[in-house]
Amino acid sequence: MSATATRPAGPLSLPSHEAYLEGLTPVLTATDVSIDYLVEPPVHAVKNVSLTLHRGEILGLAGESGCGKSTFAYGLNRLLKPPADLASGSVTFHDESGTDIDVLGLSGESLRVFRWDKISMVFQGAMNSLNPVISVKRQLFDVFTTHRPDMPKKQMRAEAQELLRMVGVDPDRLDSFAHELSGGMRQRVMIAMALALRPQVMIMDEPTTALDVVVQRGILREIMRLREQFGFAVVFITHDLPLLLEISGRIAVMLQGEIVELNTAADIYERPQHDYTRRLLSSFPSLTGDRGAFIRTGETGGVA
Amino acid sequence: MTDTEKNAPRSGALEVKDLVKDFRVRSGMRSSRFRAVDHVSFTLEPGKTVALVGESGSGKSTVARMIAKLEKPTSGEILLDGERSAHRGVALMRYRNDVQMVFQDPFASLNPFHTVGHHLERPIKIHHRAQGRDAIEAEIERLLDRVNLHPPRELAGRRPHELSGGQRQRVASARALAPGARFLVADEPVSMLDVSIRLGLLNMFARLQREENLGVLYITHDLATARHFSDEILVMYRGQVVERGPSDRVILDPQHAYTKTLLAAAPNPENHGKLREEVRAELAREAL
């Protein structure tokens with residue numbers, strides 16, 4: 001096809017990436033997804049991105065602000081609002097039952113049933129994602145009344161308490177309001193809500209960015225634990241590359257709307273292929289390693 | 001004060017002595033005291049950077065706010081050049097000539113209504129750094145040039161919403177330098193910025209520090225940059241300094257249990273896959 005000739009080459013990947021994928025089954029496939037913001041002039045936020053998420057894996061999506069990583073994730077879950085427009089491409093969800101769901105073809109009731117049940121999301125800005133005027137209980141119940149309308153109240157309560165216990169929040173806090181919880185607890189409640197229907201995919205958009213390191217560590221541990229227990233796949237979006245390197249199996253590096261490198265976390269760290277990946281890595285001084293080039297060199301480097 | 005006195009190099013240190021801050025916490029009808037800062041002492045020397053690290057709520061920002069005189073200490077003193085610092089009046093203004101602050105949120109710390117030039121003009125006028133339209137404008141341009149905002153003349157006319165986060169933080173730094181500060185308190189100056197520009201900004205601080213012999217208090221929860229950009233690290237936990245020492249020593253050979261917790265919590269690519277193993281082992285133990 002002549003159209004493919006003008007398209008940018010796919011992400012850089014090493015042979016070990018192929019080896020890593022062997023034996024994994026896809027759960028979510030995005031093919032050639034392009035997303036534009038229809039403003040004047042139009043912004044091409046995501047350009048022909050193809051990405052496959054496998055069952056049970058943690059896929060990191062890294063890149064600086066404005067590279068399109070959140071926009072892409074919202075596209076996967078059909079959460080884009082105008083002026084954002086998914087111009088082309090396809091997103092397919094491979095359900096556990098064996099049926100494939102064309103995510104972009106869903107609308108109305110079928111979309112409502114699909115969302116949260118199959119793919120849930122933990123949003124950026126833990127502090128402000130909960131409704132401040134209703135209790136945690138009502139927000140958790142909301143998930144059940146929408147998706148499991150036949151569930152008796154008593155069971156809802158038991159489920160909600162169990163969810164809080166799973167994410168490490170005292171079940172007695174069910175009647176609390178958002179402002180009565182610390183930042184870390186609020187984010188745990190958000191994770192409990194995302195977990196409520198036992199989705200197969202969880203998209204986490206900067207879930208720990210607003211939290212300090214000690215709390216962040218606790219939440220990450222909880223996410224890893226729950227994933228071991230329930231086997232959901234995670235798309236973990238953050239600009240914190242060291243964090244991604246620590247927890248994810250594979251990392252996709254995004255730059256200006258394109259995935260420029262897709263490799264296993266170990267390879268990204270040890271053998272970065274793309275210039276931009278190297279630059280991103282060098283934005284983080286090593287905590288315990290050599291001081292190297294980071295001894296306050298000044299912007300021009302070595303002028304001391 | 002004569003001109004020669006004003007321009008004479010002042011080389012003293014900023015000393016924090018036994019600083020305590022209590023807040024009143026009300027719950028219902030009762031109120032109790034909460035000690036946010038508990039007997040903290042340290043010295044900020046010109047040309048040196050001291051990093052204050054700790055988790056949210058450890059009291060590090062309260063220390064910063066007290067040094068910047070935005071909060072009054074319950075007890076303890078802040079000494080500048082060996083003299084007690086004032087809390088009000090002309091003496092406070094003189095103190096603020098020397099000690100300035102850069103805040104965490106560059107989106108909130110600049111007034112969206114005013115231009116960059118106005119933000120810099122205010123401190124220049126208030127602290128009598130320049131007189132007359134031309135001199136003030138020259139000074140604004142000099143300051144913008146110092147923080148690598150080019151071209152200065154064009155940028156001076158912009159408003160904060162026309163700038164990126166990194167540019168705003170540079171403006172905030174220029175504003176802090178405008179009164180001719182010798183000591184800079186930087187409260188998480190890069191935590192709201194994108195990773196790709198953090199190092200650039202920190203390097204800029206390092207250059208300014210070198211060129212003007214600034215004493216910098218760098219408040220952060222990022223241990224890696226604390227290590228690389230400071231000479232000394234103070235670890236705060238529940239209002240107390242639990243560990244202090246040369247930055248490499250504190251990071252590479254932590255003594256206090258809390259410093260170790262903090263270090264273990266920091267993401268480290270070297271630990272790839274370790275968390276998963278730990279979690280698996282934990283679950284396996286629980287299953288038994």
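I looked up confidence by element first. This is a predicted model, and in chain B strand S9 (residues 232-237) has the highest mean pLDDT of the elements, 94. Helix H1 (residues 3-7) of chain B has the lowest, 46.

I then checked the start of the chain. Over residues 1-8 of chain B, pLDDT stays under 50. For that stretch I found one contact beyond four places in sequence.

Next came the averages. Chain B has a mean pLDDT of 86, and 97% of its residues score at least 70. For the complex, I noted an ipTM of 0.72 and a pTM of 0.80.

I turned to the fold of chain B. I counted twelve helices and ten strands. The radius of gyration is 21 Å, close to the 19 Å of the globule rule for 288 residues, so chain B is as compact as a globular protein of that length. Its C-alpha atoms fill a box of roughly 80 × 45 × 40 Å along the principal axes. Buried residues account for 44% of the 288. Of the contacts between residues at least 6 apart in sequence, 65% join residues at least 24 apart.

Last, I looked at chain A. It is divided into domain 1 (17-118 + 199-282) and domain 2 (133-198). Their centres, taken over C-alpha atoms, are 25 Å apart. Where they touch, domain 1 of chain A gives 15 residues and domain 2 of chain A gives 14. On the domain 1 side, helix H8 (residues 213-230) of chain A supplies the largest share, seven residues. I sorted that side into eleven nonpolar, two polar and two charged residues.

Conventions: Residues are numbered from 1 along each chain as its sequence is written. Chains are lettered from A and ligands numbered from 1 in the order in which they are written. This is a predicted model: local features need pLDDT of at least 70, side-chain atom pairs count only at pLDDT 80 or more; totals for chains, interfaces and linings use all residues. Helices (H or I, at least four residues) and strands (E, at least two) are DSSP runs, numbered from the N terminus. The radius of gyration is taken over C-alpha atoms; the globule rule is 2.2 Å times the number of residues to the power 0.38. A residue is buried if 20 or more other C-beta atoms lie within 10 Å of its own, exposed if 12 or fewer, and partly exposed in between; C-beta atoms are placed from the backbone. Two residues are in contact if their C-beta atoms, placed from the backbone, lie within 7 Å. pLDDT is the predictor's confidence in each residue, from 0 to 100. Domain bounds come from an automatic or database domain assignment. Ala, Val, Leu, Ile, Met, Phe, Trp, Tyr, Cys and Pro count as nonpolar, Asp, Glu, Lys and Arg as charged, and the others, Gly among them, as polar.
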